[in-house]
Amino acid sequence: EAKRDAGTSYRFYNRQLHISAGHQIKLEGDLRNALRGNELELYYQPRIDLVTGEVRGVECLIRWNHPTRGLVMPDEFIPAAERSGLIVPIGYWVIEQACERLRESADLGFPGLVFAVNLSFRQFHDRKMTETIFRIIFNANVDTSLLELELTESAMMHDPDYAQRCLRELSQLGISFALDDFGTGYSSLTNLQHLPISLVKIDKSFVQALGQSGDSEHIIRAIISLAHSLQMSVVAEGAETEGQLDFLREQHCDEVQGFYYARPMPWSDLITFLHDRNRLACLPE
Ligand code: C2E
Ligand code: MG
Ligand code: MG
Ligand code: MG
């Protein structure tokens, strides 16, 4: 009986593999065209200071305006871009675009805004990374102290010596580093304390579990106090409710990034958002 089943499931398995390989190849081809054909776009999600309410910076988040599928989210194509290596040129395009916007933001009257960009594991391990980033920021002529690169623990723990070398080189240029999705990996902040990391981003799963699981409160509290004792700032991701904000503020979390304040939005919407917040801030109490 097992043998008979094995025959049919083999054929089925084979067909599945065939479909997914074909799908993967198509996706990669489409992505390559997307990069050439200007179908990629950055959205910007504000990061708000929990004490002053000011917008301190934005995270640049990639979107794909697909000709037939419409707006495609990064979770649907970043994995394919990583598997194919396309994430390397895509990632450099993201940094270039972010630098361009960084300059524009100062011209539009919003100097001092931090621009955070995600770096994938694969991109981080590109041997030309530091020299390419150096060339991009040199050509863009931006204030590098406003450029922040977000990395996950796994990207750094894979080869700690390499990570240390890269982070040191880039931080000498003025670039700062944030630890993204913190709490979901296996490393601890003390393992990473010799790296030039100035900010920790608490993964949204902890923020969203607030009030539902007692553990998330303890975890968030512990991350904040440890980060602060290591002179790192803390951003909480994924804050959607007033209750979550209150808790984060009580725990002296520095900034939040979440739908409560704003969703990721196109550049022109961000400019409107910034103007509106400035106007509100100028109104008498
Ligand atoms: P991430 O770097 O952790 O970015 C934060 C994600 O959380 C964003 O999803 C954002 O929209 C979402 N988020 C923020 N606040 C809330 C909230 O209040 N509620 C909920 N439900 N979600 C919230 P997005 O834009 O879909 O990006 C997903 C992931 O894709 C990013 O996670 C990042 O890992 C990756 N990604 C995005 N852009 C890039 C890029 O340019 N390069 C690379 N390598 N990865 C990118
Ligand atoms: Mg990020
Ligand atoms: Mg994150
Ligand atoms: Mg994430």
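**Close-up views of the predicted model**

**View 1. Donors around the magnesium ion (ligand 2).** The magnesium ion (ligand 2) is coordinated at 2.0 to 2.2 Å by Glu59 (OE), Asn118 (OD1), Glu150 (OE) and Asp180 (OD), in a model that is predicted. Along the chain, the donors of this magnesium ion (ligand 2) follow the spacing E-x58-N-x31-E-x29-D.

**View 2. Asp180 coordinates both the magnesium ion (ligand 2) and the magnesium ion (ligand 3).** The magnesium ion (ligand 2) and the magnesium ion (ligand 3) lie 4.0 Å apart. Distant parts of the chain are linked here, since Glu150 belongs to strand β5 (residues 147-151) and Asp180 to strand β6 (residues 176-182), 30 residues apart. Glu150 has a relative accessibility of 1% and therefore counts as buried, and Asp180 is buried as well, with a relative accessible area of 7%, because the cut-off for buried is under 20%.

**View 3. Helix α3 and the glycine just after it.** Helix α3 (residues 87-107) has 21 residues, which at 1.5 Å a residue should span 30 Å, and this agrees with its end C-alpha atoms, which are 30 Å apart. Just after α3, Gly109 takes a positive phi of about 100°.

**View 4. Packing of helix α5 against helix α7.** Helix α5 (residues 129-140) and helix α7 (residues 160-172) pack with their axes 10 Å apart and at an angle of about 15°; because angles under 35 degrees count as roughly parallel, α5 and α7 are roughly parallel to each other. Their crossing is right-handed, and the contact is made by Met129, Thr130 and Ile133 of α5 together with Tyr162, Cys166, Glu169 and Leu170 of α7.

How values were computed. Residues are numbered from 1 along each chain as its sequence is written. Chains are lettered from A and ligands numbered from 1 in the order in which they are written. This is a predicted model: local features need pLDDT of at least 70, side-chain atom pairs count only at pLDDT 80 or more; totals for chains, interfaces and linings use all residues. Side-chain values use heavy atoms; hydrogens and water are left out. Donors are N, O and S atoms within 2.8 Å of the metal (3.2 Å for Na, K and Ca); water is not among the atoms, so sites may look incomplete. Helices (H or I, at least four residues) and strands (E, at least two) are DSSP runs, numbered from the N terminus. Buried means under 20% relative accessible area, exposed over 50%, partly exposed in between (1.4 Å probe, protein chains only). The expected span of a helix is 1.5 Å times one less than its number of residues. Axes are lines fitted to C-alpha atoms, for helices over the stretch in contact, and angles run from 0 to 180 degrees between N-to-C directions. Angles under 35 degrees count as roughly parallel, over 145 as roughly antiparallel, 65 to 115 as roughly perpendicular and the rest as oblique. A crossing is left-handed if the near helix is turned anticlockwise from the far one by less than a right angle, and right-handed if clockwise. Contact means heavy atoms within 4.5 Å.
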